[in-house]
Amino acid sequence: MSKYLITIGLETHVHLKTCTKMFCGCSTEFGSEPNTNVCPVCLGYPGALPVMNREAVKQCVIAGLMLGCEINHISTFDRKNYFYPDMSKNYQTTQQELPLCVGGGVTIDTPAGARLIRIHHIHQEEDAGKIIHYARHSGVDFNRCGMPLMEIVSEPDLTSPDEAMAYLHNLRQILVYAGVSECNLEEGNMRSDVNISVRPEGQAELGTRVEIKNMNTFKGIHAALKYEIERQLYVVRSGGRLVQETRRWESELGETQPMRTKENAHDYRYFPEPDLVPVVLSKDTVEEWRSALPELPAARRERMVREYNIPEYDAGVLADEKPNADFFEAAAAICGEAKILSNWFMTDVMCLISESGLTIEQCALTPGALAGLISLVTQGVINGPTAKELLPELFRQGGDPTALVESRGLAQVSDCGALQSYVDEVFAAHGRSVADFLAGKKAAAGFLTGQVMKLSQGKADPKVVNQMIAKKFAELS
Amino acid sequence: MEDIALLTVAATLRGLKNREFSSVELSQALLNCIDAKDGQLQAYLKVDADYILKQAATADQRRAAGDDAPLLGLPIALKDVINVKGEGCSCASRMMEGYRSPFDATVAAKLRAAGVVFAGRTNMDEFAMGSSTESSAFQVTRNPHNLECVPGGSSGGSAAAVAGGEAIAALGTDTGGSIRQPASFCGCVGLKPSYGRVSRHGVAAYASSLDQVGPLTKSVEDAAILLRELAGYDPNDGTTLDIAVPDYASQLTGNMQGVRIGLPREYFIEGSDPEVTAAVLSAVEACRAAGAEIVDLSLPHTEYAIAVYYILANAEASANLARFDGVRYGHQTAAPGSVYDLYANSRAEGFGAEVKRRIILGTYVLSSGYYDAYYGKAQRARTLIREDYTRAFESCDVMMTPVAPTAAYKIGAATQDLLKIYLGDVFTVPASLAGICGISLPCGSTTDGLPIGLQVLGPAFGESRILSVAHAYEKIRDGR
Ligand SMILES: [Zn+2]
């Protein structure tokens, strides 16, 4: 069977993190009552004119700078004409001729090494509303209509669904680092359409391009790409011809279905938006924004290794999600024990995050509380197991670890007299284990330590207990 | 109170200020005039006497309390395309029946702040598309000088109301001549400000890159007084420019000495009515006699202006009018069926023939495969036209031209020959494309007694200049 090459390009729509919409003063708050964040402008009332949201422009440019794009110093808007009830004006104000950002790219790791996935351009536009279907009628919620979006259009440089995932993962990470979007998939902050084609190895020209829409999650994109590659390969291998078309991903069926063919494609009749003057960005403005750019994920990983003396692996895990890295750095600044902190974060805290489904920003744990908890351990006030028992409570309900330890009397028993009596009691009660140890079964010591801990209700310092047990054996032998 | 038909803005403001009459008395007198005359003229689509008198009473109270807002108590009629909160805004279209505006246009808000009483809503061509006010879905407005003739358009209701003594002043909009041409046909003053001088926010759009709001008045001084209140940067309209607004009225020197008046030869052509050309040339001669210098010049790309205008204006209109779909406001078909039937039927029922024609033309010129040949080329030609004017204004201060090739024509004549009507915009459209300012004022009449208009054009933001020259000519004309 001849080998086929896969070509994938992505068009990713990202909601920007502005307080107000792209062309009016309406709030961008998510989850408001339908049609409460609306005004004559975003409802397309006669005579209402768009007013450029400069903050949205800035965020789009910052995203472009973070992604290595060139910034167009003069950028224009266009009208994209189509009738649909979710678009109040029946045209979308977008950028066709002169987008804000061109070029740039996202580096991904592949089995064959790192590769740059080029970006064709990033343009700014407004979102549409949402159609809600009821039993006997449909409604439109215009709250989302006019929300600022940027569309990041990649070159067709991706060759597999896994690469597409890596691209989206890294793109999302950079945008979150840039502080321009939450990239929250549940809230529809980041949506992608894909273009995909297959061609026999050796053929230079790309195969027939199919566009797929309607994927809401990264998993959905992966599944849709996998399905579509199989479908296209099946068609060409069985001697069929692919048609240039737009298909819809039906997640429940797990397949793509035809939406419209090239012949039925919309004629959007783009033309320059006469209500908006060109956006002019001086060199100085762009350079000022460039100089204030936040750190990129890769730079942060390097800095964290350097600054906290933690392994590269740890830095990678911590910096993967910006809020986690922010939390870690805030906690490290308080307790100073970076490596111990990193261990705690990567194991216990991450475990709580995945169990609870909450993010580090949503949970009740504060950097101060985690730092405090770790300090209690390193200072020997409480032992490790006690700390591990306290952590879930701090994660869910919050609170101050020092106050908790005090009010519950969880501080370690370091009174040697009390501990010695526990040790003596355990040696007396478990003669057999003592004999086992003396006979060479070193594991028996662990059992005895456990028994002492139990008598102390977990408050003993296991290190001290171990030393006392060793000492007692030395006396016995 | 003097005859209301002759009452200017300036005289009204003096009278109100000196307590010669109250705003309520004035408004009542005006309502009586409208009652007496509008059955014939049909200039107004809506006159709500209670609403007007209530505003007038408030204005009188404000004055009694010491308020002296610049236009306090002055009634102004509005073309029915300007949003005023809580009021209808029919655009003379069935499409907008039942519509109540949720917001004030910036010009309405400014006038409100200046103390204006919003008088009636005047008739117009549907969505400002037309040059005779005959495309109104509701009524045919008549020319006060000859009831069988059109008042011009699209601001025909405003022009007829002012010239017919049913309004002291009115607002209109001008996209390709829609203020200047009806002012010329009806024998009043009509000012089209430079693009970007007056906010378009809240004015239902016909062609966004051309539309401008301006006053229709009985004198140049009145236009100057009103422009000062209308003009200025508006954060809600990004196409307005932040250039200081002068006190135009105080700059009316009446001086014609040394003014360089350009005569573009493309505006004095064979196709024009000789009576019109002659009246304009004799006005120019009067200016020369008063000390002006006449400069012959050429605007070589003028011949493309009509084609360029109808391509660009209709292209923009096709998108601007897409929002009227029966979903959120305005006319909704009784039997929607599918969403596409809802669109198709609501629009088929709501829009009149001329609006449909222009939407279809505009859609066509933007279509894939035709864009470059029509829209693209028209944009390039527009740049050439604009450059013609920039160059010409290096050698003159203002230009004087006819406003239209003919005086007002008979009602119904237009519908026979649409192309002729489109060509009738030949002298007004170029200034719109160039974004410059122009004023139309009476300079004579035909043997049939129909008014002839003189157009004074000035460079972008040269309103002071054209107002001053027009005012100087007005003094010469009236022998003042
Ligand atoms: Zn809004």
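Visitor: Where is B:Arg19 found in chain B?

Guide: B:Arg19 is found in the loop between helix 1 (9–17) and helix 2 (23–41) of chain B, where helices (H or I, at least four residues) and strands (E, at least two) are DSSP runs numbered from the N terminus. The model is a predicted one, in which local features need pLDDT of at least 70 and side-chain atom pairs count only at pLDDT 80 or more, while totals for chains, interfaces and linings use all residues. Residues are numbered from 1 along each chain as its sequence is written, chains are lettered from A and ligands numbered from 1 in the order in which they are written, and side-chain values use heavy atoms, with hydrogens and water left out.

Visitor: Why is B:Arg19 called exposed?

Guide: Buried means under 20% relative accessible area, exposed over 50%, and partly exposed in between, with a 1.4 Å probe and protein chains only. B:Arg19 has 56% relative accessibility, and therefore counts as exposed. This residue also has a positive phi of about 55 degrees, although it is not a glycine.

Visitor: What makes B:Gln42 partly exposed?

Guide: The relative accessible area of B:Gln42 is 25%, so this residue falls in the partly exposed class. B:Gln42 lies in the loop between helix 2 and strand 1 (44–46) of chain B, and has a positive phi of about 60 degrees although it, too, is not a glycine.

Visitor: Is B:Arg63 buried or exposed, and how do you know?

Guide: The relative accessible area of B:Arg63 is 10%, and therefore this residue is buried. B:Arg63 is found in helix 3 (residues 49–64) of chain B.

Visitor: Which residues does B:Arg63 touch?

Guide: Contact means heavy atoms within 4.5 Å, and, not counting residues up to four places away in sequence, B:Arg63 touches B:Leu16, B:Lys17, B:Arg19 and B:Leu72. The C-alpha atoms of B:Arg63 and B:Ser22, which are 41 residues apart along the chain, are separated by 9.4 Å.

Visitor: Why is chain B called as compact as a globular protein of its length?

Guide: Chain B has 16 helices and 11 strands. Its radius of gyration is 21 Å, close to the 23 Å that the globule rule gives for 480 residues, so chain B is as compact as a globular protein of that length. The radius is taken over C-alpha atoms, and the rule is 2.2 Å times the number of residues to the power 0.38. Along its principal axes the C-alpha trace of chain B spans about 65 × 55 × 45 Å, and 62% of the 480 residues count as buried.

Visitor: How do you know that the reach of helix 9 of chain A is close to what is expected?

Guide: The expected span of a helix is 1.5 Å times one less than its number of residues. Helix 9 (residues 367–378) of chain A has 12 residues and reaches 16 Å from its first C-alpha to its last, close to the 16 Å expected. The buried residues of helix 9, including A:Leu370 and A:Ile374, pack against helix 7 (322–335), helix 8 (338–356), helix 10 (384–397) and helix 11 (401–408) of chain A. Just after helix 9, A:Gly380 takes a positive phi of about 80 degrees.

Visitor: What makes the peptide bond from B:Gly153 to B:Ser154 stand out?

Guide: That bond is cis, with omega near 5 degrees, and B:Ser154 is found in the loop between strand 3 (117–122) and helix 5 (156–163) of chain B.
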